[in-house]
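Reader: Please take a close look at one part of this model and describe how it sits among its surroundings. I would like the cut-offs stated along the way.

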Amino acid sequence: MIKSFFTGCLSLVFIYSSAPAQDTTSYPVSAYRKNRNTKAVLPRFFIDTHNDILSSQQLSDADLGKLQQTGNFDLVRARRGGLSAQVFSVWCGEDYGKGSAFAQANREIDSLYALIRRNPGKMVLVHNAWQLENAYRQQRFAAMIGVEGGHMVEDRLDYIDSLAARGMCYLTLTWNNSTSWATSARDESIQKEKLPFLGLNEQGKKIVRHLNELGVMVDVSHVGEQTFNDVLATSTKPVIASHSSVYSLNPHRRNLKDAQLKALAKNGGVVFVNFYSGFIDPAYEEKEQAFLAAHRKELDSLRPIYKDFAEDQLNRIYKKEAELRRPPLSMLIKHIDYLVKLIGPEHVGIGADFDGSESYPKGMDSVADYPKIVAALEKLGYSQKNIDLITGGNFLRVLKANKD
Ligand SMILES: [Zn+2]
């Protein structure tokens, strides 16, 4: 069994040297990489750790096997973007609670299973690094599952076991809402004094240890700072932040401060950069609020139909205005580069949060646009090796470290 980060990299080299030659015409230039030994041109291993299409697809009923005109993900655009694997987020809001949240999680997993059944040979569900590498070798798109929000396990360890058996590779301990065992970033920042406890309580620590035992990665995106610190003190395995960006560049509570990032790196963990305009650009929030205020009535009429995705719909209606609010791609790249300089390329990855937000930087319209990230990093002089770590090597390493 491969255990260290360095042998993890060797494993990737093995993948490249054993993968069959590809039809390079179907991939954009920066989705390729050259194998050092054989000189064969192969698609780069690229994984994104956070996509919310399963939740939005339940409303739209889109067939994700076919090219869609809306949303950020489908299998056609995934192939165009050279995406090798996707961790699909299973999520429901805080209006789901005991008796309904776990059932909703299972419905979303059912819909992913159905998508896989409808696309035999093209797509496969993977549970671990070995299966992930195998899928890549066979050039099959790999689907993984991340459950976003501890409320979805309804305080039950057997529900965690059940979700792990169905493919959950990480559990995001909280969403914006705290659970009875962990406090969220939102609650720790806006209603700290009202919380019955701060951070992880004993049940929370028990859940982290249980996830460690199962080999399910602990995800600290969305958790409060106290929970973050308690997780690092409790977890015996490297943890991840599946979709978070840099607080120093944009002081949003969902982004991670430098001290947190350094602690995460010390733990052997990885932060996967979130593309949401509101986390990337410090000027976005104010512009967004002004836009929503100007269209308040319309937004209210869209809410009953589109629920959590009403803002996305409003953006579709006022496309020009939405376009003007998007930050430049360079601002997103700055977050990646900042992280690499602060904690090293071994601790950085991509978790775009596509289909979970209403706005992304210019040029980042869908999963077909990942090659632009690779091209920008190449332009900054990043080595092939470091780009490979960011696009997939680090995820493989942390996944293996959790499963061992
Ligand atoms: Zn999220």
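**Helix α16 and its surroundings**

Author: The buried residues of α16 pack against α10 (258-266), β10 (270-273), α11 (277-280), β11 (348-350) and α17 (370-379). This is a predicted model, in which local features need pLDDT of at least 70, side-chain atom pairs count only at pLDDT 80 or more, and totals for chains, interfaces and linings use all residues. Residues are numbered from 1 along each chain as its sequence is written. Helices (H or I, at least four residues) and strands (E, at least two) are DSSP runs, numbered from the N terminus. Packing here rests on contacts, meaning C-beta atoms, placed from the backbone, within 7 Å of each other.

Helix α16 covers residues 329-343, and at 1.5 Å a residue its 15 residues should span 21 Å. That expected span is 1.5 Å times one less than the number of residues. The end C-alpha atoms of α16 lie 22 Å apart, which agrees. Leu329, Leu332, Ile333, His335, Ile336, Leu339 and Ile343 are its buried residues. They fall within an arc of 150 degrees when α16 is seen down its axis, so they line one face of the helix. The arc is taken from the directions that run from the helix axis to the C-beta atoms. Ser330 and Lys341, on the other side of α16, are exposed. A residue counts as buried with 20 or more other C-beta atoms within 10 Å of its own, exposed with 12 or fewer, and partly exposed in between. Just after α16, Gly344 has a positive phi of about 95 degrees.

Val271 and Ile145 have the most contacts inside the largest nonpolar core, a set of 98 residues. Such a core consists of buried Ala, Val, Leu, Ile, Met, Phe, Trp, Tyr and Cys residues joined through C-beta atoms within 7 Å. Helix α18 (residues 384-403) gives the most to this core, with 8 residues.

As for confidence, the chain has a mean pLDDT of 90, and 89% of its residues reach 70 or more. pLDDT is the predictor's confidence in each residue, from 0 to 100. Over residues 1-26 it stays under 50. Where pLDDT is low, the predicted coordinates should not be read in detail.

Definitions and conventions:
Two residues are in contact if their C-beta atoms, placed from the backbone, lie within 7 Å.
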